[in-house]
Amino acid sequence: MITFQLTGVRCGACVQTITKAIQALPGVRECNVNLATTQASVELNPALTTIADLEQAVQAVGYGATYIADPLALLMDLTAENQAWRQTQRQLRQQVYWGSGLSILIVLGALPMMLGWDPGIPQFLQSAWVQALLATPIQFWVGGSFYRQAWIAAQHRTATMDTLVSLGTSAAYGYSLVLTLFPAWAAQLGLDHHVYFEVAAIVITLVLLGRYLEQQAKRQTSQAIRQLIGLQPQTARVVRPEGDLEIATTAVQVGDVVLIRPGEKIPLDGIVLGGQSNVDEALVTGESQPVLKQSGDEVIGATLNQSGSLQVQVTKVGRETFLAQMVQLVQQAQSSRAPIQRRADQVMAWFVPVVIGIALLTFLAWWLATGNLTLAIFTLIQVLIIACPCALGLATPTSIMVGTGKGAEYGILIKGADSLELAAKIQTIVLDKTGTLTQGKPTVTHWLTRPGLTTPEIQALIAQTAAVERLSEHPLAQAIVNYAQSQAVPIPYAEMFQAWPGEGVQGNVNQNFVQVGSLTWLESLQIPASFLPPALTQDHSWIGIAINGEMQGLVGITDSLKPSSSSVVQTLQRMGLKVVMLTGDRWDTAQAIAADVGIKEVLAEVKPAAKAAMIEKLQAQGQIVAMVGDGINDAPALAQANVGIAIGTGTDVAIAASDITLISGDLQGIVTAIQLSRATLRNIHQNLFFALIYNSIGIPVAAGLFYPIWGWLLNPILAGGAMAFSSVSVVTNALRLQRFQPHPYPSRSKNALT
């Protein structure tokens, strides 16, 4: 996916024009043009279409496109971003100031006509020639950008919001200019003798004011990503032979050792070499409790060192750091397009041409019905001015930007707008057991061996088992390695290692063929456990050990539940979700864990490939399914699910296959993610409703439908104000998501589900 910064993009019609131009190129697989960020993200086949081709295609329809070689570097450069935004706002502010000042003088001159009596306004201001002189710079200088963009659109046979504004204000200005220059001819045409320069002037000023306020509000929608970027310290204290040296964080290299004193932020990702301290990771993981860090522990850049001093060896810099990757994921999600946006796209594709058609029909209808050319012109002006495709174009992306940014604040990384929308519609949620419902830190509690083994033989068995398990990523494997180390047993090197995901591992150790895995897997290999005790405790996972094809021992491993597991399962059920546990563990162990957390439906002894099939089976029943997991064996199921939710403390493969990542590993993040997605989708629906109802009511009113009842509504200035602030209202509504907080669901008995 490559990114372009666009210029000249003002409304949803602009987005549609650019999207069509890009999608018409050969080799373009996907194109997302975001009105809120004014950027285009394009996935293409470089053999068929080049970056230069894309830039030329955008320029050919009247807009500018600049390829962004490193979007992350651009994002991280807050200084440049601030300067560009301030320059744009400064220009808009100056235009609003000049427009407001000149408009006030014009309105003062028009007051006697508006009021029907003279409140003592100087005569020279009442002159039509003076008002024309004041209105002309507003029309063609302050509002010059409308004409430029409308002309560019016309050259490419398209129409945008600038087309509507320029046509509407030109009609008011031109009407008044004709009355001023040719009063006798205007009288013959039956035109009103009053001029309406104030209409064109105020409408242009109001639209620019609305655009200025819209830009102010849109900037707040990206506040979360700027806050993330601002977390990284600007300098780091690097340990050198000649002494500690404070340098820019960007100058730090992998392998450098940095010193972090109490109260300072950790500049970059690394490993603790010395010292001990509590580190507050809430800013990047959402984890509220400080974490004790000591020698050998990993630390994340931008987290806060609290109590002690730490010496950290830097392992990642630049775009490889956790913070940089987090920023990039949030940015990608904010620039993506949600499926619900297609509705707005379908409307915007024909919006401006239809509005122009309605305006012309309105003009003809009033002129033919009343013979009043002034009234007909006023209704035409109103229809052109009040219609606003911007609100429709902003309805979805602004909510997505705020929603994904808010998720990042809670340690929830949402990879795309489609995932955010789907998460709101989840009906069934499938939970893995190990590392998801449980701590993922299993401990060996039982070690049973074949009768007759001597102590040295048992130690050799432990060593050989740990040798093959050391090469596995599975949490149960790590428990066996930890047990061997606690017994001070030297762990030899395993050769010809091979893993069977979800079943077991095997390898050669000291000329012995060692196989360690589930009892069902070993039985399928014709290796029965003939010395099994009468009953194995159900709350343990039991793993068999075979040497050269003969069962030699059993390992009992337990993994305690996460503190939040039970409450989260109950909350999900109260939210109306069906909760299922899916695990490769034995039935009795799975049933015991499920009973503890309140899960009624259990799928156990399921192989990794079959996990994806189980998800597919649920989907075939018409269910929108979410899968939550953390291991390599969960990756196929995460990819198959409608929404894959990875525990951030799990493996990179699981995280890569997921749609949503819970950085802290706290299951409460599942509830928060679903509640946030529902709130975001609800906000999008509100925005689309506001935008559509605004135009549905505004255009008939502007066309004079209620003129016989409420004649005062026939005022282009009111239309201009409504149009200017329609986009602001949509963005402001999206900003309400910044106040989102997860909330507990009451029990069903209270009938409080909503």
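## Starting at a parallel pair

Let us begin with two strands that run parallel: β15 (residues 428-432) and β24 (residues 625-629), joined by four bridges. Within this pair, isoleucine 429 stands opposite alanine 626 of β24. Please keep in mind that you are looking at a predicted model.

β15 also has a parallel partner in β22, and five bridges join these two strands. Here valine 430 has valine 580 in β22 as its bridge partner. Strand β22 covers residues 578-582, and four of its five residues are buried.

## The seven-stranded sheet

These strands belong to an open sheet of seven strands with mixed pairing, in the order β14-β26-β25-β24-β15-β22-β23. At its edges are β14 (412-414) and β23 (601-603), each of which pairs on one side only. From one strand to the next, the twist averages 20°.

Follow the sheet out to β23 and you will find three bridges between it and β22, again in the parallel sense. There, leucine 582 stands opposite leucine 603 in β23. As a general rule, the strands of a sheet pair through backbone hydrogen bonds, in either a parallel or an antiparallel way.

Now look for an open sheet of six strands, whose order is β16-β21-β20-β19-β18-β17 and whose pairing is antiparallel. The edge strands are β16 (443-449) and β17 (495-500), and each pairs on one side only. The twist in this sheet averages 15° from one strand to the next.

Helix α20 (residues 455-469) packs on this sheet and touches β16, β17, β18, β19 (512-518), β20 (541-547) and β21 (550-558). The direction of α20 makes about 115° with that of β18. Strand β18 itself spans residues 504-509 and pairs with β17 over four bridges in the antiparallel sense.

## Two nonpolar cores

Which residues touch the most other members of the largest nonpolar core? They are Leu572 and Ile670, in a core of 142 residues. Helix α28 (residues 668-702) gives the most to this core, with 13 residues. Leaving aside neighbours within four places in sequence, leucine 572 is in contact with Ile429, Leu577, Val579, Ile670, Val671 and Ile674.

A second, separate core has 26 residues, including Trp447, Ile480, Ile547 and Ile557. More generally, nonpolar side chains in soluble globular proteins tend to be buried together.

## A pair of helices

Next, find helix α8 (residues 161-181) and helix α16 (residues 373-386), which pack with their axes 8 Å apart at an angle of about 155°. The two helices are therefore roughly antiparallel to each other. α8 passes α16 in a left-handed crossing.

Where they meet, α8 brings Leu164, Leu167, Gly168, Thr169, Ala171, Ala172 and Tyr175, while α16 brings Thr374, Ile377, Leu380, Ile381, Leu384 and Ile385.

## The whole protein

Finally, step back for an overall view. The protein contains 29 helices and 26 strands. Of its 754 residues, 53% count as buried. Among contacts between residues at least 6 apart in sequence, 69% join residues at least 24 apart.

Terms used: Residues are numbered from 1 along each chain as its sequence is written. This is a predicted model: local features need pLDDT of at least 70, side-chain atom pairs count only at pLDDT 80 or more; totals for chains, interfaces and linings use all residues. Side-chain values use heavy atoms; hydrogens and water are left out. Two strands pair if DSSP finds at least two bridges between them. Axes are lines fitted to C-alpha atoms, for helices over the stretch in contact, and angles run from 0 to 180 degrees between N-to-C directions. Contact means heavy atoms within 4.5 Å. A nonpolar core is a set of buried Ala, Val, Leu, Ile, Met, Phe, Trp, Tyr and Cys residues joined through side-chain atoms within 4.5 Å. Buried means under 20% relative accessible area, exposed over 50%, partly exposed in between (1.4 Å probe, protein chains only). Angles under 35 degrees count as roughly parallel, over 145 as roughly antiparallel, 65 to 115 as roughly perpendicular and the rest as oblique. A crossing is left-handed if the near helix is turned anticlockwise from the far one by less than a right angle, and right-handed if clockwise.
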